Amino acid sequence: MSKRTAIYAGSFDPPTIGHIDVIHRGAVLFDDLVVAVGNNPSKKYFFDLETRASLVREAITDSNVRVVSFSRLLVHAAEANGAQVILRGLRALSDFDLEFRNGLANRDLTGIETLFLLTEPDNIFVSSSLVKEIAMNGGDVTKYVPPGVLIAMR
């Protein structure tokens, strides 16, 4: 039986407890999970690519998870890392619209399937954008990010 490998991608700027939850749950579902930290040239980042990848690595305890960075299309990163499935987390219906279209496009491009995991209800409102906004305005983000991310943000 061949290994089941999935890829979970994002900018992770910063990695949140919601991201880490999806990673842990994905690690249970697949033999190998590749976490792909992406760089979108049209985005302005709080942390550089290597720092974001390092923060994700530091927060992960699952032995079957590896973290890589990528800058091209996600389907190219999936192919390069032997992934048969793209794993995506959904917080709300608004996430579904974009993820549904992206999933269909990725399948059209390469045949790769997308699997959606629903977020834990406690994390429904947690996003990297919200965490950055709270932190930049002097708020406490301790509940929303792993300890290493909290230290890096300070």
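**Strands, pocket and rings**

Gly 89 has Leu 117 in strand 5 as its bridge partner. Before going further: this is a predicted model, where local features need pLDDT of at least 70, side-chain atom pairs count only at pLDDT 80 or more, and totals for chains, interfaces and linings use all residues. Residues are numbered from 1 along each chain as its sequence is written, and side-chain values use heavy atoms, with hydrogens and water left out.

Back to the strands. Strands here are DSSP runs of E of at least two residues, helices are runs of H or I of at least four, and both are numbered from the N terminus. Two strands pair if DSSP finds at least two bridges between them. Strand 4 and strand 5 run parallel and are joined by 6 bridges. Strand 4 also runs parallel to strand 1, with 3 bridges joining them, and there Tyr 8 stands opposite Leu 87 of strand 4. Strand 1 is joined to strand 2 as well, by 6 bridges, again parallel. In that pairing, Ala 9 is opposite Ala 36 of strand 2.

How many residues of strand 4 are buried? The count is 5 of 6, so strand 4 is mostly covered, where buried means under 20% relative accessible area, exposed means over 50%, and partly exposed is in between, with a 1.4 Å probe and protein chains only. Strand 2, residues 32-38, is largely enclosed by the rest of the structure, because 6 of its 7 residues are buried.

Next, the largest pocket. A pocket is an open set of points on a 1 Å grid over the protein atoms alone, where a 1.4 Å probe fits, with protein on both sides within 12 Å along at least five of seven lines; its lining residues have an atom within 4 Å of a point. The volume of the largest pocket is about 1,200 Å³, taken as the space filled by probe spheres set on the points, which are joined across faces, edges and corners. It is lined by 45 residues, and Ala 9, Gly 10, Ser 11, Lys 43 and Arg 88 are the closest to its centre. Helix 4 supplies the largest share of the lining, 8 residues. Other elements that each give at least two include strand 1 (5-10), helix 1 (17-29) and helix 5 (128-136).

Now the rings. There are 5 aromatic pairs in the structure. One of them is Tyr 8 with Phe 12, edge-to-face, at 5.6 Å centre to centre and 75° between the planes. Rings of Phe, Tyr and Trp (its six-membered ring) pair if their centres lie within 6.5 Å; planes under 30 degrees apart are stacked, over 60 edge-to-face, and the rest tilted. Both Tyr 8 and Phe 12 are buried. Phe 96, Phe 100 and Phe 116 form one aromatic cluster.

Last, two single residues. His 76 lies in helix 3 and counts as partly exposed because its relative accessibility is 30%. Its C-alpha is 25 Å from that of Arg 91, 15 residues apart along the chain. Leu 104, in helix 4, is partly exposed because its relative accessible area is 39%. From Leu 104 to Thr 114 is 10 residues in sequence and 8.3 Å in space, C-alpha to C-alpha.
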